[in-house]
Amino acid sequence: MKLLADENLRRDVVDWLRSAGHDVAWIAEDSPGCFDEEIVYRANREGRILITADLDFGELIILHNLQVPGVLILRMGTIKPKEILKILQDNWPKIKAVLTNQIVIMTPRKVRGRPIHNR
């Protein structure tokens with residue numbers, strides 16, 4: 001799976017996704033500080049599903065009708081960073097099955113998605 005990790009994701013999350021066989025581009029490595037719109041355009045251009053902890057992306061995509069192959073938003077609140085990776089690992093099979101053409105929000109307690117209607 002081709003993924004685009006926002007710069008707000010920790011290296012352990014990116015490393016784990018890569019070790020699981022995914023093609024992960026990470027904003028922190030190749031274009032730190034770029035604007036959210038640029039990240040969405042890149043995800044669409046490269047056919048990558050965006051993974052972020054920034055809630056603004058869901059709003060940006062829906063309100064501005066921006067194209068993107070899919071989005072995973074990690075809404076973890078005050079969960080410790082080590083626990084975020086564990087929660088992601090535990091839920092990854094379920095998340096991976098629904099990511100395409102969806103905005104998926106993962107919280108410590110649940111995963112929910114909604115279709116992106118701009119296709």
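Ala, Val, Leu, Ile, Met, Phe, Trp, Tyr, Cys and Pro count here as nonpolar, Asp, Glu, Lys and Arg as charged, and the others, Gly among them, as polar. The model is predicted, so that local features need pLDDT of at least 70 and side-chain atom pairs count only at pLDDT 80 or more, while totals for chains, interfaces and linings use all residues. Residues are numbered from 1 along each chain as its sequence is written, and side-chain values use heavy atoms, with hydrogens and water left out.

**Exercise 1. Determine the class make-up of the lining of the second largest pocket, and state which helix gives the largest share.**

Step 1. A pocket is an open set of points on a 1 Å grid over the protein atoms alone, where a 1.4 Å probe fits, with protein on both sides within 12 Å along at least five of seven lines; lining residues have an atom within 4 Å of a point.

Step 2. The volume, taken as the space filled by probe spheres set on the points, which are joined across faces, edges and corners, is about 160 Å³ for the second largest pocket.

Step 3. Its lining includes Asn8, Arg10, Asp12, Pro81, Ile84 and Leu85, and the classes come to 8 nonpolar, 2 polar and 2 charged residues.

Step 4. Helices (H or I, at least four residues) and strands (E, at least two) are DSSP runs numbered from the N terminus; helix 5 supplies the largest share of this lining, 3 residues.

**Exercise 2. Describe how strand 1 and strand 2 pair.**

Step 1. Two strands pair if DSSP finds at least two bridges between them; strand 1 (residues 2-5) and strand 2 (residues 23-26) have 4 bridges, in the parallel sense.

Step 2. Within this pairing, Ala5 stands opposite Trp26 of strand 2.

**Exercise 3. Identify the residues that touch the most other members of the largest nonpolar core.**

Step 1. Such a core is a set of buried (under 20% relative accessible area, with a 1.4 Å probe and protein chains only) Ala, Val, Leu, Ile, Met, Phe, Trp, Tyr and Cys residues joined through side-chain atoms within 4.5 Å.

Step 2. The largest core holds 24 residues, of which Leu72, Leu88, Trp92 and Met106 touch the most other members.

Step 3. Helix 5 contributes the most to this core, with 6 residues.

How values were computed. Buried < 20%, exposed > 50% of the residue type's maximum accessible area, 1.4 Å probe, protein only.
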